[in-house]
Amino acid sequence: MSEIQDLLRRGVLDLSFMVRGIDRELDETLDQLKLALRQRNDLDVDAFGKALEATDKRFDLIESRTEEGVSQLYSLYQLLVDTDDERVPDSLIRHLNERSPYVQDALSLAHQIHPLVSVPADPDADNSTLIRLRQKLCSRFITLLRTLAILGDEDGALRALAARLEPIPDWSTLDVLAAETIMLIQTRLNQEKGKFEYYLNELNAKLVAINRLIGEDQSAVSDLQILNENLNANVDHQLERVRSELETATDMHALRLAMTHSMDDLLGVLGEFQDQVKTSLSAMHQRQAELTEQLTSLQADNQKLIEQVNQERELSLRDPLTQLPNRQGFDARLAEEIARSERYQQPCCVALIDIDLFKTINDQYGHLAGDKVLKVLAKEMRSQLRQSDYLARFGGEEFVLLLPQTPIDAGMQAVEKMRLHISQCPFNFQGKPVQITFSAGVSAYRNGESADQWLHRADEALYASKDAGRNRTTPADG
């Protein structure tokens, strides 16, 4: 290799290190230069010349684009200079007027100018990922509000707020509606807290009454014990008196009179004791009846509360529109299936399903038509599944399907069977046939991954189906 060729090679190598990563095509032309210079024999002048020409053109293009970008930056800066905004410091304006030709200077200025310039938001700048995220957030809020409304919405505030979320709002409006949703939920929680505190106060009052009755009965038993002790003492006293009179009596007449008086006194003591016991027992029976009534009422209240809690728990786990399990119910079942899959090493699949162009149906035919579609779809999808499969509504037009003891191939077949069935179902709106389809993503569980990781892979596969044209099923990582 000649000395000149070696110097060229070293120069190209150094240049490649310096600019590596700035531009992919520039990296490729420099690689061609290095390849031409690696020849041990005579230099291939033609190959070297072509590579050098391509590199030179790429440098010119990059320089042209850089100059254009700098020009645009300076135009923006000039607009700032021409403004009368008092927030712009004089030092910055002086720097702008120098119009430094270097890109780094321009970037340095950009950091200073950025807080001072408000660029109007582009309504179309929302990419598909953010749009989908906004749709999901709205769906989650709507499902939450409708579920709470079933449990109680006397003033209709929950349903009204859910209706405002259905035409998917922009981010700023969504933020306001989210804050209103949180306030409504807090109000609902405070109301429920007030009801529960009332129940606890009623319960406490009944327990106090029960304790009072039990205390009075205990006191009555103590009184009976005292009466019994007094009776024994009086009887002993009367018997001692009889014995004394028997020992001192001089004739039968006197003895008979003494015995008569003693017996009268003894009968008086027994009668008084009997009256006192009867009074105490009557009061005890009355308290016992009152205690039974309190306990019966307490038991009835407790049973009513248990039934209400069970009913509300059942409602909280079920979607009010489709009567399918909701996200909360699905999460509980998902945790069980993950534990079972890891314990017995059984395959398990999950599928995320999203109705295609569902917003178009709502916009064109109204939300009542959209609700009808969701109810019919839920019924039709469930008819295509096994007894062990678990279908739930995530919110909005999104559903999730859990397929226990199912490998990925069988899971794909099951979802495809359901997709084809739905695509062939006859739907008519305003006398016109409308085809309803869905897109799906299927993922098989991997030992050790979390539920969120598993669902995220299915979600990515779902978006792949959407991006590929909709009305299809895509396996995760496939």
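In which sense do β1 and β3 pair, and over how many bridges? The two strands pair in the antiparallel sense, over seven bridges.

## About the model

This is a predicted model, in which local features need pLDDT of at least 70 and side-chain atom pairs count only at pLDDT 80 or more, while totals for chains, interfaces and linings use all residues. Residues are numbered from 1 along each chain as its sequence is written, and side-chain values use heavy atoms, with hydrogens and water left out.

Let's start with β1, which covers residues 348-355. Helices (H or I, at least four residues) and strands (E, at least two) are DSSP runs, numbered from the N terminus. Two strands count as paired if DSSP finds at least two bridges between them. D354 shows both pairings: its bridge partner in β3 is E398, and in β6 it stands opposite S439.

How many of the eight residues of β1 are buried? Eight of the eight are, where buried means under 20% relative accessible area, exposed over 50%, and partly exposed in between (1.4 Å probe, protein chains only). In a regular strand the side chains alternate between the two faces of the sheet. Here C348, V350, L352 and D354 are buried on one side, and C349, A351, I353 and I355 on the other.

## Two nonpolar cores

A nonpolar core is a set of buried Ala, Val, Leu, Ile, Met, Phe, Trp, Tyr and Cys residues joined through side-chain atoms within 4.5 Å. The largest one has 32 residues, and M381, F399, L401 and F438 have the most contacts inside it. At least two residues each come from β1, α11 (358-365), α12 (367-383), β3, α13 and β6, with α12 giving the largest share, six residues.

Take L401 as an example: leaving aside neighbours within four places in sequence, its contacts (heavy atoms within 4.5 Å) include C349, V350, A351, I353, V415 and M418. A second, separate core has 16 residues, among them L334, L352, A458 and L462.

## Two loop residues with positive phi

Most residues other than glycine have a negative phi. Q405, in the loop between β3 (398-404) and α13 (408-423), has a phi near 55°. Q405 is exposed, with a relative accessible area of 52%.

R470 also has a positive phi, of about 70°. R470 sits in the loop between α14 (451-467) and β7 (473-475) and is partly exposed at 34% relative accessibility.
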